[in-house]
2 protein chains.
Amino acid sequence: MSIAACIDALKAQLGDRISTSAADLTLHGQNETYYPNTPPDAVAYPTSTEDVQTIVRTCAEHACPITPYGAASSLEGQHLATSGGISLDFRDMNRVLKVHPEDLNCVVQPGVTRKALNEDLRSTGLFFPVDPGADASMGGMAATRASGTTAVRYGTMRENILALEAVLADGTVIRTGSAARKASNGYDLTHLLIGSEGTLGIITELTLKLHGLPEAITAATCRFADVEDAVNCVITTIQCGIPMARIELLDHMMVRGFNRYSDAGLPELPHLFLEFHGSPAAVEDQRKAFAEIAQEFGAEGWQTADTTEDRNALWAMRHNAHYASAALGKGKHIWPTDVCVPISKLAEAVRQSQEDAVKLGLTATIVGHVGDGNFHAGLSVDPNDPDEMRRAEQFTSDLCKTALRLGGTVSGEHGIGLGKQRHMEAEHGNALIPMRAIKAALDPKNILNPGKMLPPTNEVPLAAQ
Amino acid sequence: MSIAACIDALKAQLGDRISTSAADLTLHGQNETYYPNTPPDAVAYPTSTEDVQTIVRTCAEHACPITPYGAASSLEGQHLATSGGISLDFRDMNRVLKVHPEDLNCVVQPGVTRKALNEDLRSTGLFFPVDPGADASMGGMAATRASGTTAVRYGTMRENILALEAVLADGTVIRTGSAARKASNGYDLTHLLIGSEGTLGIITELTLKLHGLPEAITAATCRFADVEDAVNCVITTIQCGIPMARIELLDHMMVRGFNRYSDAGLPELPHLFLEFHGSPAAVEDQRKAFAEIAQEFGAEGWQTADTTEDRNALWAMRHNAHYASAALGKGKHIWPTDVCVPISKLAEAVRQSQEDAVKLGLTATIVGHVGDGNFHAGLSVDPNDPDEMRRAEQFTSDLCKTALRLGGTVSGEHGIGLGKQRHMEAEHGNALIPMRAIKAALDPKNILNPGKMLPPTNEVPLAAQ
């Protein structure tokens, strides 16, 4: 393996679509969280599937690692070229190729971001609902099985991708799925690639489901005396089948962060941020039904945001949770982590994680897409303080154990990347064997985002036994 | 490989849980459609996952084929032991293990049928919505990615399975997924197993999503002068986002079948059979909105079925489509086939298939879950008439080509099994390469339902290149 020889070969093939400038390398080594900067050896900017194919073939020849790169908003280091090699940046493959309003779908390149896509769709009355907060790229969102605030109503990337084009580790271009809404037609490669974090194939095109813009949208907030009241309100709401479009929990620490970062002026108590979608009558029905439940759990300070402006302000504040958490730590980095549990276990999981943070002397915010049983803890850490980093690791580890004990998962939406690998064995047990067998079968040279997702092992894959 | 030695070994291990009686073998070689009877060499009746593990390990040792067997209602021969060996009948693994109403899920063994499950759930106010018509087993429905009349509202098996337990080809027991509603935590083995037709692993337990029984349910029927009017009414309904619970098309030939088989007394014109779920107000809203659209397309003869009894009678008639199609052919077998296309192409696909049937001199009914773009053709055939069988094959082939030309798939819900293998290359192209690599990696001895889904090939899998 010679990365240098590979880059030379790629320069001859790609010309100025590959860069080794210090600025490019530095930029592509950065991340939003606590991982050390890890610049790649070169950054490629493909403009077509053929470019990606060329790059992959050349890298395969030289056994050179390739790490796909979208908007760099991933939270577990998925986009970092930790084994060196090529950062494959989809900056120049960012077009909406086709919109089919009559079939409620569109075809996009992986580099298009969710905001750009929804801007493009504006005149159609349709929208793409998956909203992880960050203005992430569609390729990255697919590769990490992203979700976010609206998943409780519209599903995650898992439910909103009809078809993919991808380049496999030997340069083979495949198309999975179709524009048909359902199929029983062979192995579900679409879902195998969704969430595979670029380790099985590189996504070069996506066919996405679109949804009609709701006729009416209303957002609202309310607060509770206690985080358990707030969570139990959510549990009852979901169990009653109220089709919430958004239902977000913010604990008192998160609210404190918003007060500091956004001057929110909210009482420092647990809040729910809500959104209702539907016909005007349906929205009113949902709001009433929710309000009745909320009242049972002692909700106070009910405020609504009916105008687009007010709603946008509310969700902009929510989407700044990462930076608001940082504001509590006075210039510290954020160690973000997330788990997902069955909804009936949510109160226990949230309470346990709050207690763990206090015990470990950590500043932590809790914010979550609680309608799905999914929540985030944002820890303020100083990467240069080994003791604090050790305690943060302990917190994350305990949180993962709590989630597994309660029948949940170690990541609802951030993915595995670098940080959660050590919990894969506890979560999956024997199921790691076929995962490794699939990786070995599809990427025998281990060039696709090596070092991500699957923990290191000396085990022999199934096929070779 | 010695199947006889394998059966001897299994007899020693399983006692009376394995049978080679002529009656058992004959029964397990039968199917609902036109495939020749193909009895297995033995039938095993496991009572636990450990039994399945024992069987798989012993079969692996002897390279003896294993074909999972549920309710034998599959329509592409998936349950037929066409390579001989063991038919693995889940008759005695048919329990609902746990119901978690608070988390809207339940855990079941693969042999439980959908009717038995819903009977069991009756007191909870919840139900499992996927309804392929036949009283299929949950294991079989998962393995064939089944769907049916309610998928337009509630999704298919793909959307309604949270977690699986499965036995792999070497006897390894794995658990995939969890009771959490979402996850970004490794390769999506759950979706890889769903629809894999028993060729990658044998499902031994399922965690299923449940849904609240709607407060109000109303069914209705109406008829149209022309199949295109009916289909265009469906297209508009879906595009308008009316959340139909069921929207089924029956062409004039299918109605004729119902008149003969169920004495339905319906005008022999294209009909839609509909169902609306929700609060009483929501159902009324949906019904009104649909009626307005239907009127635009000239709908007549509007009839509603508000009582449970009337609704059940309506859907019992619909679910007998297979036998009603047979009634048109005077004792002939039914060659059922299905495709799925993007909704905007539905009218073209239905019209084309009707014309093709007439051209080929075949008696064909069209019935479909048209809200998803999915429809079935039921051909009356005499398996002893080679010319008619050739024409039926031609019809199916042409229908698959039409579906692919229109951006759809060669099977919406029946699966690939034996009958659709010849269309896999046209549908998937290069994507067959990773499918074959995955099969080779997970079942290197090819003992799991051999001869199904993947067409025969001499190609070398990716990992060995």
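In which handedness of crossing does H14(A) pass H15(A)? Keep that in mind as you click through this predicted model; the tour gets there at its second stop.

**Stop one: H9 and H14**

Show side chains next. On the H9(A) side, the contact is made by Val227(A), Glu228(A), Val231(A), Asn232(A) and Ile235(A). Facing them from H14(A) are Leu346(A), Ala347(A), Val350(A), Arg351(A) and Gln354(A). Color by class and you'll get 6 nonpolar, 2 polar and 2 charged residues in this contact. As for handedness, H9(A) and H14(A) make a right-handed crossing.

**Stop two: H14 and H15**

Keep H14(A) on screen and bring in helix H15, residues 386-405 of chain A. Here the axes come within 10 Å and cross at roughly 160°, so H14(A) and H15(A) are roughly antiparallel to each other. Now for the opening question: H14(A) passes H15(A) in a right-handed crossing.

Pick out Glu348(A), Ala349(A), Gln352(A), Ser353(A), Asp356(A) and Ala357(A) on H14(A). They meet Phe395(A), Asp398(A), Leu399(A), Thr402(A) and Arg405(A) of H15(A). With the class coloring still on, look for 4 nonpolar, 3 polar and 4 charged residues where H14(A) touches H15(A).

Notes:
Residues are numbered from 1 along each chain as its sequence is written. Chains are lettered from A and ligands numbered from 1 in the order in which they are written. This is a predicted model: local features need pLDDT of at least 70, side-chain atom pairs count only at pLDDT 80 or more; totals for chains, interfaces and linings use all residues. Side-chain values use heavy atoms; hydrogens and water are left out. A crossing is left-handed if the near helix is turned anticlockwise from the far one by less than a right angle, and right-handed if clockwise. Helices (H or I, at least four residues) and strands (E, at least two) are DSSP runs, numbered from the N terminus. Contact means heavy atoms within 4.5 Å. Ala, Val, Leu, Ile, Met, Phe, Trp, Tyr, Cys and Pro count as nonpolar, Asp, Glu, Lys and Arg as charged, and the others, Gly among them, as polar. Axes are lines fitted to C-alpha atoms, for helices over the stretch in contact, and angles run from 0 to 180 degrees between N-to-C directions. Angles under 35 degrees count as roughly parallel, over 145 as roughly antiparallel, 65 to 115 as roughly perpendicular and the rest as oblique.
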